[in-house]
Amino acid sequence: ETLNGKFGQKKAGWALGLTGLVIGTTVFFEAGVVVLIPLASLVVYTAQLSPSEIIETLTRPRVLASFRVSLLTAFIASAINAVMGVILAWVLVRYKFPLKRILDGMIELPFALPTAVAGIALTSLTADTGLIGKFFARFGIHIAYTRVGITFALIFIGIPFVVRTVQPVLEKLDPSYEEAAGVLGASRTIFWSVVFPEIRPAVITGFGLAFGRCLGEYGSVVFIAGNQPFQTEITPLIIMSELQEYDYASATAIALVMLIVAFLILFLSNWVQARSSKKLKGGS
């Protein structure tokens, strides 16, 4: 028994050591190789510029205009995705209809489709001679090569983030609460009083993820944007232009601003999600 006990202790020690090694390797690879090292390179290249040069680079009229275009279109697209994503997730969870599995699989199409292919396809559809663009062109509405077209492309890219974040929460939500609210006479406010408080953290998270992706999207937007300076030129295109001119310091300075904005959006969404979850648990 004593030998068995010692052997068991050694085996447990080996298991703990192996677990620690796996966790350490994972953390080093995930935090160091995947995240910190690439981000640190942005800081290193940006440090080649003096503070005055950084300010001069970031305050160029063309750069400021690109910030405005990227932030505005990303926010509008993410807000639309937050609404449409909840509707799509609700339909996929609560209703049964033909080809439901196909529709569910198509939600993830933007993840698998190369961004350049998506950009070309969306431009062909929304151009004045395209299937969608031709219809709106009759009313004098142009989609391709405008900010509307950029928003359209970003909606396509960002919708899976909201759907896949909200869908699991809806699947776990017990329909009996909605039935009870309907019996008590709250049939008109069931969604806002019963369902939405439960899915609100997921909606906020989905919005933040979609916004972060839309903010840095390049391949699917560069074709449909038209790239008109001060009008439809996005920030990632400005960064690519600086790289093509071998001005790595300016490119990284602009990229660092986009990184900070994306980080702040994700931080705020996580903070709001944590507060909403805490209030929800406190209320229950």
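User: Which side chain does the side chain of glutamine 167 make a polar contact with?
Analyst: That of arginine 164, at 2.5 Å. A polar contact is a pair of N or O atoms within 3.5 Å; within protein, one must be able to donate a hydrogen and the other to accept it, and residues adjacent in sequence count only if both atoms are side-chain atoms. One caution: this is a predicted model, where local features need pLDDT of at least 70, side-chain atom pairs count only at pLDDT 80 or more, and totals for chains, interfaces and linings use all residues. Residues are numbered from 1 along each chain as its sequence is written, and side-chain values use heavy atoms, with hydrogens and water left out.

User: Is glutamine 167 buried or exposed?
Analyst: Buried, with a relative accessible area of 7%. Buried means under 20%, exposed over 50%, and partly exposed in between (1.4 Å probe, protein chains only). Glutamine 167 sits in helix α8.

User: What does α8 look like?
Analyst: Helix α8 covers residues 147-172, 26 residues in total. From first C-alpha to last it reaches 38 Å, close to the 38 Å expected at 1.5 Å a residue. That expected span is 1.5 Å times one less than the number of residues. There is a kink of about 40 degrees at glycine 158, shortly before proline 160. The bend at a residue is the angle between axes fitted to the seven residues ending there and the seven starting there.

User: What happens at the start of α8?
Analyst: A side-chain oxygen of threonine 146 comes within 3.3 Å of the backbone nitrogen of valine 148.

User: Zooming out, how many helices and strands does the protein chain have?
Analyst: It has 13 helices and zero strands. Helices (H or I, at least four residues) and strands (E, at least two) are DSSP runs, numbered from the N terminus. Buried residues make up 34% of the 284 residues in the chain.

User: How far apart are leucine 92 and valine 163?
Analyst: They are 71 residues apart in sequence and 9.4 Å apart in space, C-alpha to C-alpha. Leucine 92 lies in helix α3, residues 61-94. Leucine 92 is buried too, at 4% relative accessible area.

User: New topic. How much space lies in the largest pocket?
Analyst: About 500 Å³. It is lined by 18 residues, and the closest to its centre are Gly212, Gly216, Met258, Leu259 and Ala262. Helix α13 gives the largest share of the lining, seven residues. On a 1 Å grid over the protein atoms alone, a cavity is a set of points where a 1.4 Å probe fits but cannot get out, and a pocket is an open set with protein on both sides within 12 Å along at least five of seven lines; lining residues have an atom within 4 Å of a point. Grid points are joined across faces, edges and corners, and a volume is the space filled by probe spheres set on the points.

User: And how many cavities of 30 Å³ or more turn up?
Analyst: One. The largest cavity holds about 40 Å³. Among its lining residues are Ser70, Ile150 and Cys214. Helix α3 gives the most to that lining, with three residues.

User: Last one: what is the phi of leucine 99?
Analyst: Positive, about 65 degrees, although leucine 99 is not a glycine. It lies in the loop between α3 and α4. At 62% relative accessibility, leucine 99 counts as exposed.
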